[in-house]
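Hello,

Here is the structure I promised to pass on. Have a look at it first, and then read my notes below.

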Amino acid sequence: MTLLTYLRRKLGLTGTKLGCAEGGCGACTVMISKFHPHLKCIVHHAVNACLAPVCSLHHCAVITVDGIGTVASRLHPVQERIAKAHGSQCGFCTPGMVMSMYTLLRNNPEPSMVDIEEAFQGNLCRCTGYRPILEGYKTFAKVLDFGLWYCALMYDPSKFIPLDPTQEVIFPPELLNLGKQPPRQMKFKGERVLWIQPSTLTELLDLKSHYPESKLVVGNTEVGMPMKFKNLLYPVILAPAYISELNSVQHTKQGIVFGAACTLTLLGEVLRDAVAKLPTYQTEVFKAILEQLRWFAGKQIRNVAVCLEQTIIKYCFKFGAVLMDDNFFPGYRKTALKPEEILLSIEIPYTKKGQYFSAFKQSPRQEDDIAIVTCGMNVVFKEGSNIVEKILLSFGGMAPTTVIPKTTCKKLIGSAWNEKLLEDACASLAEEMVLPPSAPGGMVPYRRTLTLSLFFKFYLTVKHYLAVDLQHEAVPPGQSSEDFVGRPIMHLSALKQATGEAVYCDDIPCYENELHLALITSTKAHAHILSIDTGEAMTVPGVVAFVFAKDIPGSNITGPAFYDESVLAEKMVTCVGHIVGAVVADTQAHAQRAAKVVKITYDELKPIISIQDAIDSQSFYQPVRTMKKGDTAQGFKDSDHILEGEIHIGGQEHFYLETNCTVAVPKGEDGEMELFVSTQTALVAKALGVPANRIVCRVKRMGGGFGGKESRSIILSTVVAVAAMKRPVRCMLDRDEDMLVTGGRHPFLGRYKVGYMTSGKIIALDVTFYANAGNSKDLSFSIVERALFHMENSYNIPHVCGTGYMCKTNLPSNTAFRGFGGPQGMMVAESWMSDVALACGIPSYEVRRMNLYNEGDLTPFNQRLEQFTIGKCWEECLDISNYMKRQGAVEEFNRQHRWTKRGLSIIPTKFGISFTSVFLNQAGALVHIYTDGSVLLTHGGTEMGQGLHTKMVQVASRALGIPCSKIFISETSTNTVANTSPTAASASSDLNGMAVYNACQTLLQRLEPYKVKNPKGSWEDWVNAAYFDRVNLSANGFYKTPDLGYNFDSNSGRAFNYFSYGVSCSEVEIDCLTGRQKTLHTTIVMDVGKSLNPAIDIGQVEGAFMQGLGLFTLEELHYSPQGSLLTRGPGMYKIPAFGDIPVELQVSLLRDSPNDKAIFSSKVLGEPPLFMAASVFYAIKDAITAARSESGLSGPFRLDSPATSERIRNACEDRFTKLCPPAEPGTYTPWAVRV
C-alpha cells in the first residue's frame, strides 16, 4: 500500500491528491521527516506519496497539507501566498505546490530564487502558466528578484502573514528516541508481497542469498511503477535503507565513495561541497554530474532515489572491483551482478590535469524528463599538448544498453585536437553509432545526428579549455468600493485549495458498502470479439461482479451529438482502449488487478490509424464541409506567384491534473440515482433506461477540464452508473487509463495553395483540412467547422475556399480541447503566411501587417468585423516588446554565432465567441435570497479552475448592490438548473453572467417597493420587509444570445456574437546542434473588453499561452502502427514545466475597448490566448531560417507542429545531418506513426 492510499482511504486525509501514480506531477507531495542515524540529524524531504510504500516509513513523521493550516483556524504563510498571488486556479495541483515550498522553508527559511525554482522541478500545473506561483513564493526569498514587479496591482505583499520558523510542527520526540536506538530487522507481510527491512549488511547478504530473485528497494522509484503499470509481481522486497555501510560517504585519495543507498540529493550536496573546496582540475566529473542532476527527475524523486537505481550508473566509474564499462550492462535493465550479489558502493574519481570530462543529455523537456540521447565524454591529453592520450565516449539511448564506440575511440588516440580529428570522429561515429529504422523510441535520424552533435559540443568545449509588466485597465474613478466587478479579487476557492480543504469528486468520503470499479479495455484497434473469459479474474479477492453490454438496462447507444458510440463494446472493438466491460470489487486495487487478467479473444481486422491511412482509404465521416468567398480560380490568375504546401499539427493530451472520476449512488426507488462527476456536462439516463428527471448530477469543482470533460467523461460516468444499480460505486481513472480511453485534441493535416503578389499581398487561398476524428464523430463535426471559421486567422483574403474532412480512424475518439479546432485552422494560416514571407524575401511582420483585416471588413463567412481592435493590439505589442530594436539585436546575435541562433515573430489572433451550434447559446440561473440577507446562487456553468464561479459572484454582487461576501455558490447540479449547455466554447461567463444578471434584476424589481419605502434601510431590512410581505425571494434567470444563425449552404448569417483579439511577440534561442530551444521573451496584448476580474483574466491568458506552448513546441503523442498509445503518463508525455516559462513574460490587457455584446462590457478569453503561443513556434522557425542560411539554404521549408528538439535539429540542415540520412519510407516498420 502506498502512503497516498493510506492517507486518503485509511485516514480520510484527502488534501493530498492523486495526479499520475508515477511520481511525475507532484500533486501527491508530502513532507517526510526522520532522524538520520548516519548524518546524526533530523532531515526533511518532499516525497511523492503515490510511490512511497507505507512500510518504508517506519520511524518517520509525515506532514501533509491538511496539517499545516486551515481556513477556519490559521493559514500557513505558504498556503496564503499561493492563494492571494492568484497561483491557484483549478487547485488540484495546489496542495503539492504548497508542500514542496513548505519543505524547502523547513530546510531553509531564507531560500534563494534558485532554491525556489529547484523545489518545483517535480511539480506540474496545467492551469496557471506557473508565473503567479513563482511570483507569490518569491516573497520568501532572501533577495527579492521580481524583474518587472507586474503583480503589484494584483495583491499587496506587505499584508502577507510573516513566516515564523519557530512555530512549525516539531519532530515527535518519541520518533527521535526510536531513531537513535540500534536498528532491527522488520518484516511486513502483505497480500502478495513480503517486505523485509534488514538492519545490517550481514543480514542483507544472507537474505539476498536466501531470496536471490528478490528486489532491493530504497526509494521505490524503479520497482513501484513496473508493479503497477506492467502488472509485475515481486514476492520478496528487501529494503536496505538503514544499513550503515550503504549510507556512508568516504573521501579517498582517488575520489569520493558513496554507499549505494545514498540518495541523489545527498550525492549532490557532497559533490557541490567538493567542487567549492577542491582545485578545479580535480572536479571535472563532479561538475558534470551536478549539471545532470539539475535536470534529473524532480526534487521529490531525488530525495529518495539512490545511486544504484538511477542515471549515475551511465558513467564509467570504478565500482570496487568492478569496472562499470559496456560489459557491466549485458541487457536492458540488467547488470553483471549475480542474483545473490548486491551493489555496496560507487566511487566517483577525481580528474587530473589535462583531463576533461563532459556529460550531455538531450530530452524533449529539459527538466524532469527522460533522455532521448545521453552521453559521457572523457579525454586525457599528453602532458603539455593537444595530443589525445586516452578518450572514452559513452552513449545512452542508442541501444538497449550503454554503448561505447570503441572503434572511434581507438582511432582518435594519438590525434591532435583539431578540425581533422573532428571530421574523423564524426565520420567514424556515423558508421559506428547505427540504429535500425524501427528502433523503439523512433527519431532514428535525430538520435544518430545527436551523437555527432554532442561530440561536436564536447570538441568545442575542450578546445575552449585548451585555449584558455504586466498591465491592466483599472476600475473607473468613482466606482463604489462595494462594486467588485473589474477588481482582481482572489479566486473564491483559492484558500481552500491551498489548505487541501477544497473537495473534489474522489475526496467525497466513501459510502457504506461502496464498491470500486475498473475498466476492461480492448488491446486491439479493430477486431471482432470472439470470447471473454473472466475465470481468472473471478479468483481475485474482493471481486463482486462484472459489467458487460448485456447488463445495460437501457440503451447501449450513446454519443454527445451523434448516437454512433456504444457504452460498452459488444461484438466489435474499434480502437485500443475501447471499453468492453468493467470489474466491480471491494477495493480499487482488487478491481484493477482483476481487470488486467480478463482474457478477450479477438479476430483482428486491418485498422486505419493515421490521417494518411484515411485519405488512402477514403475513410471519412459525412458531411464534408466547404466554405467559399470570392472566386479563387480568378484570384490565382490575378496573382504574381502561387505556392503550395502543407503542415501537420499533432494532437494533444488534456492532462487535467484530476483524472475522470465518478461516484454513483443509487437511491433505491423509482430508478433514482445521484451522480458526483468531474465533468463539464452529464448524460447517463438513456443507458439506465430512466427519464432524465430521475438522475441528479452534481459537480462541486473539477481539477481542470480544458474540453476533455465536455463529452468524453460520459464514457466513464455511464459505466459507473450502470454498475451502481444496487450499491454505490466509485471510479477514478489512473493517469494511464485516462490517457488511453478519452482521446485528445484532433491531429490536423492542412494542405494549402496560396496566390500572392510580389509585394506580399495575398490574393487567393485554397485550403483543405483533414482532422483525425477517431472511432466516433463525437464533436468532430463542430471542430472542423470551427477550423474553417478560423482558416484565414486575422487576414483579409479576397478569394477563399476551405474544405474540411473528418477522418474516420481506429483511434479513441478525439474531442473538444481548448480552442476547439480554431488553433489548428489558424496554425495552417500562419504556415502559408510564413511561406509567403520567405518566398518574397520580406520580413514576416511586414507581410502579416499588410494583410491584416480592418474595421468593417467581411470574413470568409460574410460576418462584418465591428469594434475591430487587432490593429491597436498590434501596435501596442510592437511598442511594449520594443520589436524593432529587438529585431536588430537578433540579427546581430545571429551574425556572431554559428551554432546558436535567435528568432523573432509576432502573431495575431481573431477568435469567434459563441457555440457554432446555435441551440447551445443559452443559459439558466437560480438565485435565492434568505431572510438573513445571504444569497445562494446557482447557474448552469461548472467550475474547473477558470474562475467562473468567482466572476458570477462578482456579477451578482454588482447587480444586487451587495458585497461578494454575502453571496455563495455551492455547486452545479441538474436539479437546480436543468438543460444546461456544456461549460465550453469560452462562452460561459457571457451566457451564465447574463442569466445571473437577469435573475438578479427580477429580484431587484420585487425589492424596489421596499427600498422606496425605506431608502435609508439596509439590504437586510429590505429583504425582511419583502419576506414578511410574502414576496417570492427566489428567481430564475435565463439568457440566449440574440441574432445568431449561420448557414453553410448559403454562406450567410451571423456565426459569432463577437470576436476576441490578441497579438503576441516572442523571441527564442535555439541550439542548432541539439534542437533545444528556450523562449527568451514573450509579450501578449489581449483585448478582453472591460475585464470582470483582471487577476483571473491574466491567469487565463498565461495558462492558455503555456498550454499552447506545449501544443506547438513540446507535447507529442506517439502511437504504434497497431494504434496503441505509447505515451501514457508524465513519464513519456511531457507538458510544460516551471523551466519552460519565458525568461521575460509581459501580459497587457488592452485598454479602452469595451464590448457592448456581453455582460458589463467584458469579453471572455478561456480559449483565444492559446494561439498566442504560435509566436514561439514561428520565432523558432525564424531562428531555423537563420541556421539554414549558414548552410546556403533559403526560401520556404516545412516545419510541422510541435517544433520539438528533433524537428528543430533536423530542420537545421548541416554536415552532421547529411551523415545520418533517414531510411526510405516503406522499407521498415516504424516504432511510432504520425496520426
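Before the helix pairs, one term: a crossing is called right-handed if the near helix is turned clockwise from the far one by less than a right angle, and left-handed if anticlockwise. Please keep in mind that this is a predicted model.

Let's start with helix 14 (residues 419-432), which passes helix 15 (residues 444-466) in a right-handed crossing. Their axes come within 9 Å and cross at roughly 160°. Angles over 145 degrees count as roughly antiparallel, so helix 14 and helix 15 are roughly antiparallel to each other. On the helix 14 side, the contact is made by Glu-419, Leu-421, Leu-422, Ala-425, Cys-426, Leu-429 and Ala-430. Helix 15 contributes Arg-448, Thr-451, Leu-452, Phe-455, Phe-456 and Tyr-459. By class, this contact has ten nonpolar residues, one polar and two charged.

Further along, helix 25 (residues 822-840) meets helix 26 (residues 844-851), with axes that come within 9 Å and cross at roughly 120°. Helix 25 and helix 26 are therefore oblique to each other, and this crossing is right-handed too. Glu-830, Met-833, Ser-834, Val-836 and Ala-837 of helix 25 touch Ser-844, Val-847, Arg-848 and Asn-851 of helix 26. Here the classes are four nonpolar, three polar and two charged residues.

Lastly, take a look at helix 30 (residues 988-1013). Its 26 residues reach 37 Å from the first C-alpha to the last, close to the 38 Å expected. Where does helix 30 have a kink? The kink, of about 45°, lies at Leu-1007, shortly before the proline Pro-1009.

Enjoy exploring!

Terms used. Residues are numbered from 1 along each chain as its sequence is written. This is a predicted model: local features need pLDDT of at least 70, side-chain atom pairs count only at pLDDT 80 or more; totals for chains, interfaces and linings use all residues. Side-chain values use heavy atoms; hydrogens and water are left out. Axes are lines fitted to C-alpha atoms, for helices over the stretch in contact, and angles run from 0 to 180 degrees between N-to-C directions. Helices (H or I, at least four residues) and strands (E, at least two) are DSSP runs, numbered from the N terminus. Angles under 35 degrees count as roughly parallel, over 145 as roughly antiparallel, 65 to 115 as roughly perpendicular and the rest as oblique. Contact means heavy atoms within 4.5 Å. Ala, Val, Leu, Ile, Met, Phe, Trp, Tyr, Cys and Pro count as nonpolar, Asp, Glu, Lys and Arg as charged, and the others, Gly among them, as polar. The expected span of a helix is 1.5 Å times one less than its number of residues. The bend at a residue is the angle between axes fitted to the seven residues ending there and the seven starting there.
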